[in-house]
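Let's take a walk through a protein model together. Keep the picture open beside you and look for each part as we come to it.

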Amino acid sequence: MSECEQPDQDEIFKLLSVVLASTEDFWHEVFAQHGLTYREPKLVIFEDSVQMSTGVWHESGGPIYNDQDETIYFPSAFIDYFMSEVLGKDKLHIEFAAACVVAHEVGHHVQKLIGRFKKSACGRYELPSGWARVPFELEADRFAGAWAHYADKKRRMVEAGDMEAATRFFHYIGDDNLRRQGNISPGFAMVAIDPEQFSHGNSQDRQNSFLAGYKGGAKNLNLFKIGGGAGI
Ligand SMILES: [Zn+2]
């Protein structure tokens, strides 16, 4: 992609579909090693807003995994407005960083499949007791890192500079940094207001979890350890 060109919807769909397919290869392998079958999530790229099974989701909310319909909803503007802003000088590596964001959302799908979510009486999935939001998010970062290891070592999808860009991105989207940055870009309200509202982990923890996943690959994922130290 050239410096000035912004990816269009089709390009983004193609890119993220390739990424999703490689996460499927990775997780099929990991699940098979545990004698389990991996059920693939769906991916929807959208502009403005999208109708999910549980209601309408706006692009300002950023990418999300909806556990009810097992679908990842990814606003195309997230790459244009948000990632380009964070990784502006690194446009060439934005694709890989975007791939890691998808891998993080796939991480939430894996969390659902391995029983990290608990189903409430009214049918909604919730975090199991003993899990706060932050370790839950950091585990998804670690799963994304494990996929990045696979993409690098087995698929040769990772180019020089990609990991640095992805790592920088995970650092950027830490709660503490988003708070410092204030309104980072028009349309994206991903700003934690105060530490009590931190939901995804601070920059150092997010970066460390992603890198720990990358270092360990499919090993030491602690897939069936509930409430345990998943990259935290
Ligand atoms: Zn998440």
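On the H3 side of the meeting between helices H3 and H4 you will find Cys100, Ala103, His104, Gly107, His108, Val110 and Gln111. Facing them from H4 are Glu139, Ala140, Asp141, Phe143, Ala144, Trp147 and Ala148. Please keep in mind that this is a predicted model.

How can we describe such a pair? Two packed helices are described by the angle between their axes and the distance between those axes. For H3 and H4, the axes come within 7 Å and cross at roughly 120°. Angles of 65 to 115 degrees count as roughly perpendicular and those over 145 as roughly antiparallel, so H3 and H4 are oblique to each other. Their crossing is right-handed.

Now pick out Val102 in your picture. Leaving aside residues up to four places away in sequence, Val102 touches Leu16, Val19, Leu20, Ile72 and Phe74.

Next, let's turn to some strands. E2 (49-52) and E3 (residues 55-58) run antiparallel and are joined by 4 bridges. The two strands form a hairpin, with 2 residues between them. At one of the bridges, Met52 is partnered with Gly55 in E3. As you look along them, remember a general rule: in a regular strand the side chains alternate between the two faces of the sheet.

Finally, let's look at two backbone angles. Most residues other than glycine have a negative phi. Asp48, however, has a positive phi, near 65°. Where is Asp48 found? It sits in the loop between strand E1 (42-46) and strand E2. Is Asp48 buried or exposed? A residue counts as exposed if 12 or fewer other C-beta atoms lie within 10 Å of its own; Asp48 has 12, so it is exposed.

Arg156 also has a positive phi, near 55°. You can find Arg156 in the loop between helix H4 (133-153) and helix H5 (162-172). With 8 C-beta neighbours inside 10 Å, Arg156 counts as exposed.

Conventions. Residues are numbered from 1 along each chain as its sequence is written. This is a predicted model: local features need pLDDT of at least 70, side-chain atom pairs count only at pLDDT 80 or more; totals for chains, interfaces and linings use all residues. A residue is buried if 20 or more other C-beta atoms lie within 10 Å of its own, exposed if 12 or fewer, and partly exposed in between; C-beta atoms are placed from the backbone. Two residues are in contact if their C-beta atoms, placed from the backbone, lie within 7 Å. Two strands pair if DSSP finds at least two bridges between them. Axes are lines fitted to C-alpha atoms, for helices over the stretch in contact, and angles run from 0 to 180 degrees between N-to-C directions. Angles under 35 degrees count as roughly parallel, over 145 as roughly antiparallel, 65 to 115 as roughly perpendicular and the rest as oblique. A crossing is left-handed if the near helix is turned anticlockwise from the far one by less than a right angle, and right-handed if clockwise.
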